[in-house]
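Let's take a walk through this structure, strand by strand. Have the sequence and the 3D view handy as you read.

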Amino acid sequence: MENMPKNYDAEAVEQRMLDKWLAGDYYRRNPGVGDCTVTIPPPNVTGKLHMGHALDDTIQDTIIRMNRMRGVSTRWILGTDHAGIATQTKVDKKLASEGISRREIGREKFVDACWDWTHEYGGHIVEQIKRMGCSIDFSDSHFTMDADYATAVRKVFCDWYHDGLIYRGKRIVNWCPHCTTAIADDEAEYKEEDGHLWYLRYPLVEPVDGQEYVVVATTRPETMLGDTGVAVSPKDHDKDKFVGAKVRLPIVDREIPIFSDFYVDAGFGTGFVKVTPAHDPNDYGMGERHGLEKVNIFDETAHVVEGYGEFSGMGRDECRQAVVAWFEEHGLLDHVDDHHHSVMHCYRCDSTLEPWLSEQWFVAVDKLKGPATEAVTSGKVTFHPSRWTQTYLTWMENLKDWCISRQLWWGHRIPVFHCEDCGWEDALMEDTDVCPKCGSHHVAQEEDVLDTWFSSQLWTFATQGWPEHPERLEGHHPTTALVTARDIIALWVARMIMSSTYFLKEIPFKDVVIYATILAKDGTRMSKSKGNGVDPMDLISMYGADAMRFNLLTLVTNNQDVRFDADIDKKTHELLGSPRTESARAFVTKIWNASRFVLGNLDGFTPGEPRAVSQADAWIFSRLAKLSAEVTKDIETYQFGEMARELHAFFWNEFCDWYIEFSKASLREEGDARLQTQRNLVYVLDNALRLLHPAMPFVTEAIWENVPHAEGEAPALMMAKWPEPESLASLVDEESERAVSLLCDVVSAVRSTRARYGISPKQELPVVLRAGFENARVLEGLKSQIISMARASELSIVPSDAHKPAESACVVAHGCEVYCVLTGLIDFEAERARLTKERATLQKDEAKFAKKLSNPGFLAKAAPEIVEKDTAKLAELRDKLARVEEQLAELG
């Protein structure tokens, strides 16, 4: 007890436990039977821990800690991602603040600057993961730009290149003019925006039935400079007469054809659609089908290229205004409508993306889709929750070739070399400056780097020795589970399955656990710009890591999104508090205080086997056995919310509130009864701490240091044996569970009646139990305990059809009715009068709020939070009214 101060100091205890675990080298892969290998989704090297990371890492640590305790060989692979665009952007900003641009210093020095940045900031998030108590092997860290990892990336590219899966082509890509690089379809973020639909008149070269122009509708009038056609729907027969005619494109004076294509929606705009093959993927498709010219009007920064007179050099927005003004000035602007539409943005810098025709490298996915689809449809890879299976399969079904080139300097440079003299080209595992075909030294490597997701798709096997040491994968691949967010199912999960099934002929993981997205309190996405984000390190500082972890695990349900109840200062954006995390901290305190009570009552204790002397002992042993089975199953099936609920219910309600109370009388005795009670308490506490440990490692480890153990026990709780359900199964005792549950219900019913009528806990009162034959038999055996714990002056057990005792209050418990006789304890007339008056007030208030909430005018005008608040108030009033009605009915 000298090591367990009265008050629990989370900060001091957690740092001491962390030092102990790291000094003991307990995080390393341990030998064992079976395997549990988990790869951490590599956070960006420039990043910091956010709530999604905290939940993800807590789930993974819970899985790893239980398996380690079960004697399974565990490995949790640590690593970070080089995050091409994100890191390059940060380094660009840093250099700009010093008055330097990457163009000035060149590629080599810029890459050196990126490495410097990585070395300076790359370890921050790793230290935060460590502070959370994540038992990850920090000595075995990986980085997607490490030399061995780069070898794996290069091999994948070269093999796919030589197998015909990688090709170069000129295609429409999502281009970020700010980052000046292509962005994959899956990385584009769509945002709803209020815009306009401009109706532009295009003059016909020759009138059609006396009509001199057609009107096209567009959300992007600036791109008309690159129009090479006008399309109509073949279903729109009114426009058949225009097919084959030509229009003279205003400003550019280009003659372009009118044609029909099934892509066109006859109901959109006027039914005439301008076609810009170089700046719209759907227009590109029509251009391919109808042999249209592809005219690229923008450069890499989305400024109009040379050749367009006054418009050349203009940015997109400026060009839009100028084009609209020109059309209006020349009488060719028909009209303008408001238009709400979805616009693509860069997921990194939030710039509006530009569909842009450029030469890029692609992965042809046709040969990869089949095996990756079969891996999931066959059940080899299982999604949890299962609804995400269809998300994966739908994406795979619609998968297009993957643009893998990025116009950056930081990243894995594409290993393709070409000879400027003879035209030789090949993908090579080693750099070369000599052409193997003609011997020329005019050999250049591709400038572009690979998409970050190209390298991270190899994460499960490139971190375990592949391709140079494939033997290291034996027994540890496929990995056990991948815990990740839903928004990268396509970006990462699917690509990991595609690459693993291609190169290893096996799946990369057996289970994919998709955790819920953590939203802000108001239901919006957490973000730094909104000031509603929660820093997990602030939660840890305020409540401790155990409390934060436990609260996060309670949020793991089948819900797709969960709201985090943090209160944040609107001005400073500082964390003010989180009621649910505060409740979790109260649970940590409860565990500490209950353990102090048990360990503080061990005078004269000697080790020995637990033994059920009383029915209460048999009950708690049975509940412990079932808890072991439930918690084990919950972690195995990734039901962490259920796990947290069951742990809380057992420790707080059953162990603390009841079993410790049952034990107090025996602890006051002498001799064998006291010693056996001590042994039973230690046994239950010890096993409860083991079951709690994966979720709440710090407080349980600190307490376990003080728990008496047998000779040869593990040096730390995290290395101790897990309470296996099979080893505890013999303790299940349904009869004792039923009896003690009945006892607890009866005592709780008496206590709730005291509280309801303001009767002192010390005041004895008569109790009558009305029950059926079987329950009456059980209650007879518990009579002395009920009298003692309920402080009953007398206890009568009567048949279920017996008359209700006069002047009594009734609570229906599980298995019986509990009547507390209140004669002489309360003034019935005064109580009736008080309750009648309270009922009238509640009825009046209830009617007022009900009328208010049934008023359509109020519902239409009131803010949502006001409606929500009033709805909650109405529910509260109705609940109170129901309870008052019940009490009046009791009083007769």
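Why is strand β30 (residues 816–821) largely enclosed by the rest of the structure? Keep in mind that this is a predicted model. The reason sits in the residue count: 5 of the 6 residues of β30 are buried, so the strand is largely enclosed by the rest of the structure. Buried here means under 20% relative accessible area.

Now look at the strands that pair with β30. Strand β29 (residues 808–813) runs antiparallel to β30, and 6 bridges link the two. β29 and β30 make up a hairpin, with 2 residues between them. In that turn you'll find Gly-815, which has a positive phi of about 105 degrees. Strand β27 (residues 765–771) is also antiparallel to β30, joined to it by 5 bridges. Here Leu-769 stands opposite Val-818 in β30.

As a bit of background, strands of a sheet pair through backbone hydrogen bonds, in either a parallel or an antiparallel way.

Next, move to another part of the chain. There you'll see an open sheet of 3 strands, ordered β18-β17-β19 and paired antiparallel. β18 (425–427) and β19 (443–445) are at the edges with a single partner strand each, so one side of each has no neighbour in the sheet. From one strand to the next, the twist averages 20 degrees.

Zoom in on β17 (residues 416–419), which pairs with β18 in the antiparallel sense over 3 bridges. His-418 has Glu-425 of β18 as its bridge partner. Finally, helix α6 (residues 147–162) lies across β17 and β18, and runs at about 130 degrees to β18.

Note on methods: Residues are numbered from 1 along each chain as its sequence is written. This is a predicted model: local features need pLDDT of at least 70, side-chain atom pairs count only at pLDDT 80 or more; totals for chains, interfaces and linings use all residues. Side-chain values use heavy atoms; hydrogens and water are left out. Two strands pair if DSSP finds at least two bridges between them. Helices (H or I, at least four residues) and strands (E, at least two) are DSSP runs, numbered from the N terminus. Axes are lines fitted to C-alpha atoms, for helices over the stretch in contact, and angles run from 0 to 180 degrees between N-to-C directions. Contact means heavy atoms within 4.5 Å. Buried means under 20% relative accessible area, exposed over 50%, partly exposed in between (1.4 Å probe, protein chains only).
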